[in-house]
Amino acid sequence: MTDDVVRFLDDFRAAESASVEVLRAWIDVCQLDGLRGGLRTIAGREAAHAVLAAERLAELGAPATASVPEEVRAAAVARFGSPSVPDEEKIALVLARYPDDASSTREIAALAARLADDPETRELLRLIAEGEAATVAWLRAYHAGLSRRGGAGRPPATPDRGA
Amino acid sequence: MLRDGAPTEREAPRAHVIEALDAFQAAERAGGDAMARWIAVCRQPRLRGGLRVIRARDLQHAALAEARLRALGGAPAARISRELAGLCGVIGHPEISDRSKLAMLLGRFPAQAPSPLADLARRLGGDAETQALLETINDDEVVALEWLREMSRVLEREDG
């Protein structure tokens with residue numbers, strides 16, 4: 001179980017760190033004020049998750065060695081940091097990875113459920129999973145708001161929570 | 001966690017937003033620091049795990065609010081209220097039980113009470129970026145409060 005936890009925390013830490021870079025590149029060129037505001041919070045969440053995973057990893061006596069392949073990271077930064085790729089397309093790209101609300105948290109929740117002997121890591125992961133779910137729910141609702149407007153008119157400041 | 005005495009809607013929107021962001025960043029920073037002191041003395045590993053996430057998010061929220069108020073031309077100057085300072089003192093106290101801390105913290109946020117942060121966000125129609133920032137930060141606060149309520153129920157059940 002410890003090996004599973006260590007591997008997950010290390011991979012997750014690396015992925016969240018890379019996400020922060022991608023999100024910052026997106027924020028720099030984002031054309032929609034409301035989306036930019038939400039992306040700032042989401043980037044903050046991802047940064048906090050990376051730090052929390054790194055701290056827990058260190059407490060478990062494991063080194064942080066995982067990294068996102070450079071070509072993957074660079075391609076994502078280039079695409080999401082491109083001013084010529086529409087924001088709506090970028091949101092759709094993110095959401096394509098999460099076809100339903102549970103898909104963003106399935107792996108974390110499954111691991112947390114097996115951590116009866118490590119309640120500290122379990123609760124840490126449960127709350128992190130809730131944060132990931134909030135991110136996907138907000139992006140999904142924001143995207144639905146954009147789609148309903150068909151790209152015309154004023155974009156939504158915040159998602160329609162009934163979407 | 002906005003302080004008492006929020007500005008009225010009649011004030012200039014930008015001054016209103018800056019004042020609210022300043023109060024919020026001060027409260028979140030104080031809350032994050034108090035959480036760190038609680039974590040250091042917390043006797044329950046599962047509670048400690050969640051408190052770590054809440055502390056990290058509180059400090060992120062403080063940084064986000066400060067960055068936004070600076071972008072709007074303001075500078076952080078707010079101090080937390082005496083009431084909040086008192087609560088932070090209790091939260092970080094090594095001699096007070098985890099259950100008591102949970103009860104005091106949750107007593108400040110009744111389950112059905114409207115969120116001041118969400119309420120403020122709704123009134124920021126002319127500033128979509130700040131509005132979305134506060135809405136998404138409020139999502140974190142809702143998650144944290146639900147988790148704290150669950151922990152409170154669990155500890156209460158176990159202690160009888």
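Angles between N-to-C directions run from 0 to 180 degrees, and those under 35 degrees count as roughly parallel, those over 145 as roughly antiparallel, those from 65 to 115 as roughly perpendicular and the rest as oblique. The structure described here is a predicted model, in which local features need pLDDT of at least 70, side-chain atom pairs count only at pLDDT 80 or more, and totals for chains, interfaces and linings use all residues. Residues are numbered from 1 along each chain as its sequence is written, while chains are lettered from A and ligands numbered from 1 in the order in which they are written.

Chain A contains six helices and zero strands, where helices (H or I, at least four residues) and strands (E, at least two) are DSSP runs numbered from the N terminus. Along the sequence, the pattern of chain A reads α-α-α-α-α-α. The C-alpha trace of chain A spans about 55 × 35 × 20 Å along its principal axes. The radius of gyration, taken over C-alpha atoms, is judged against a globule rule of 2.2 Å times the number of residues to the power 0.38. Of the 163 residues in chain A, 44% are buried; a residue is buried if 20 or more other C-beta atoms, placed from the backbone, lie within 10 Å of its own, exposed if 12 or fewer do, and partly exposed in between. Two residues are in contact if their C-beta atoms, placed from the backbone, lie within 7 Å. Among contacts in chain A between residues at least 6 apart in sequence, 69% join residues at least 24 apart.

Chain B likewise has a secondary structure of six helices and zero strands, and its pattern along the sequence is α-α-α-α-α-α. The radius of gyration of chain B is 16 Å, close to the 15 Å given by the globule rule for 160 residues, so chain B is as compact as a globular protein of that length. A box of roughly 50 × 30 × 25 Å, taken along the principal axes, is filled by the C-alpha atoms of chain B. Buried residues account for 45% of the 160 residues in chain B. Where contacts in chain B join residues at least 6 apart in sequence, 70% of them link residues at least 24 apart.

Within chain B, helix H3 (residues 82-91) and helix H4 (residues 98-107) have axes that come within 9 Å and cross at roughly 160 degrees; axes are lines fitted to C-alpha atoms, for helices over the stretch in contact. H3(B) and H4(B) are therefore roughly antiparallel to each other. The residues that make this contact are Leu87(B), Val90(B) and Ile91(B) of H3(B), together with Lys101(B), Met104(B) and Leu105(B) of H4(B). By class, the contact of H3(B) with H4(B) has five nonpolar, no polar and one charged residues. Here Ala, Val, Leu, Ile, Met, Phe, Trp, Tyr, Cys and Pro count as nonpolar, Asp, Glu, Lys and Arg as charged, and the others, Gly among them, as polar.

The two chains also meet each other: 24 residues of chain B are in contact with 27 residues of chain A. On the side of chain B that touches chain A, the elements giving two or more residues are H2 and helix H6 (128-159) of chain B. H6(B) gives the most to this side, with 13 residues. The residues of this side of chain B divide into ten nonpolar, six polar and eight charged.

Helix H2 (residues 33-59) of chain A packs with H2(B) at an angle of about 140 degrees, with their axes 9 Å apart. H2(A) and H2(B) are therefore oblique to each other. Residues making the contact include Gly44(A), Ala47(A) and Ala48(A) of H2(A) and Val53(B), Ala56(B) and Leu64(B) of H2(B). The contact of H2(A) with H2(B) has seven nonpolar, three polar and three charged residues.

Two individual residues complete the description. Gly131(A) is found in helix H6 (residues 119-149) of chain A and is buried, with 24 other C-beta atoms within 10 Å. Not counting residues up to four places away in sequence, Gly131(A) touches Arg45(A), His49(A), Asp140(B) and Val143(B). Ala63(B) lies in helix H2 (residues 45-71) of chain B and is partly exposed, with 17 other C-beta atoms within 10 Å.
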